Structures are given as structure tokens and as C-alpha cells.
Amino acid sequence: MKESIGASWILMIVLVFIALFSGYLAFSVNYSKAFRVKDGIVERLEKYNGPNNKSLQDIADLIDEVSYTSKGKCADLFEDERLTSMGVIVGDLHPDIPASDNETYHYCLQRIKAYSPTDGQLTSSYYRVIVFFSLSLPIFDIGSSFHVDGETSNIQYPEDDYMG
């Protein structure tokens, strides 16, 4: 009897270790996929000088290529309500501008404009990119949503078809 109780404790420790390791592995895979998508979006926005039809189509191709399906809400993540924000659902040809409070999106963009201090003219813009990923453990009925964000470098002459 003594050995069976000791063996059950060891079995429980092993099962807990396997569950923790699997959870960490799942989190790492989802995080790396979200980071890869975020880097791809930043790269394409810089390549096409902002969010326009070409860049959004290239981003949609990237998201399909990596099988990215996570969604999240944009409205809670932007600090300044005065800046233009955009929520994008891949496959939808018309992004939401501004991002809706109760809609979930694949990724979100926010345009930050830079003006010349001498004459007040728009000189460049950069974009903040937010991508979501989630972790769910159905056995324990736990689901959490996280986000990864990044920024483009300054784009001198933005070709912005959406957030003008």
C-alpha cells in the first residue's frame, strides 16, 4: 500500500510537469507566430509606404501563408483616441476606421503623424501595429488573449489609402 501511494504522487508530479511543459510550448508557438505576423506587417507597410490596397493584399497573403487566425479588440489598446486607428479582418475589403469597440480584428493599425516644427506641414508618419494571439486550455476551461505590438520606421511620403 505504501508503494502505491508513493507511485501515485510521482505520477501526479509527472502529469503536472507535462501539463506545464505543454502549456509553455503552446504559448511559445503562438507567440512566435504572432511575432512573425507583426514583423511581416511592419515590413509590408514600410515597403508600400503605408496601408494601401497593395500592402493590405500582401499582408492578407502573409496571414494566409502562416495560418494566423487569432483575433482581438483594438479599442482598448490605443492610448490616444485622437489618432486615426484601423481594425482589419482578413478577407474583408473594407477595414473599419476607426476600429469598432465591439468588433474583433486580426490586426490593428494606428497612424501617428509627424509635423514640421517650422511650418506645421505633415512631413512623415509612422504606424503602430498590434497583433493578437491566444492561449486556451480546454481541459481547465481557461482562455487568455495577449497582444504583440510594434512600430514602423518613419515613412516620408505615406501612400495611405485608408487613414489619410
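I started with D149, which counts as partly exposed because its relative accessible area is 38%; I take buried as under 20%, exposed as over 50% and partly exposed as in between, with a 1.4 Å probe and protein chains only. D149 is in strand β4. I checked its distance to A34: the two C-alpha atoms are 9.5 Å apart, across 115 residues of chain.

Note on provenance: the model is predicted, so I keep local features at pLDDT of at least 70 and side-chain atom pairs at pLDDT 80 or more, while totals for chains, interfaces and linings use all residues. Residues are numbered from 1 along each chain as its sequence is written, and side-chain values use heavy atoms, with hydrogens and water left out.

Elements. I count two helices and four strands, using DSSP runs numbered from the N terminus (helices H or I, at least four residues; strands E, at least two). Along the sequence the pattern reads α-α-β-β-β-β. Of the 164 residues in the chain, 36% are buried.

A26 is in helix α1 and is partly exposed at 31% relative accessibility.

Ring pairs. Which rings pair with F27? I applied these cut-offs: Phe, Tyr and Trp rings (for Trp the six-membered ring) pair if their centres lie within 6.5 Å, with planes under 30 degrees apart stacked, over 60 edge-to-face and the rest tilted. The structure holds seven aromatic pairs. One of them joins F27 and F133, and I call it edge-to-face because the planes meet at 65°, with the centres 5.5 Å apart. F27 lies in helix α1 and F133 in strand β3 (residues 122-137), so this pair ties together parts that are 106 residues apart in sequence. F133 is buried, at 3% relative accessible area, whereas F27 is partly exposed at 29%.

F27 also pairs with F146, again edge-to-face, at 5.5 Å centre to centre and 90° between the planes. That pair links helix α1 to strand β4 (residues 142-151), 119 residues apart. F146 is partly exposed, at 32% relative accessibility.

I then looked for a charge over F35. The charged end of K38 sits over that ring, 4.4 Å from its centre; the test is NZ of Lys or CZ of Arg within 6 Å of the ring centre and within 35 degrees of the ring normal.

Core. Which residues have the most contacts inside the largest nonpolar core? They are I41, Y107 and V131, in a core of 30 residues. I define such a core as buried Ala, Val, Leu, Ile, Met, Phe, Trp, Tyr and Cys residues joined through side-chain atoms within 4.5 Å. At least two core residues come from each of α1, α2 (53-65), β1 (84-88), β2 (107-115) and β3. Strand β3 gives the largest share, six residues.

Surface. I found a nonpolar patch of about 1,000 Å², made by I10, L11, M12, V14, L15, F17, I18, F21, L25 and V29. Patch residues have over 30% relative accessible area and no salt bridge, with like charges joined within 9 Å and nonpolar side chains (Val, Leu, Ile, Met, Phe, Trp, Tyr) within 5 Å. A salt bridge is a Lys or Arg side-chain nitrogen within 4 Å of an Asp or Glu carboxyl oxygen. Areas are by Shrake-Rupley with a 1.4 Å probe, and for residues only the protein chains shown count as cover. L11, one of the patch residues, is in helix α1 (residues 2-47).
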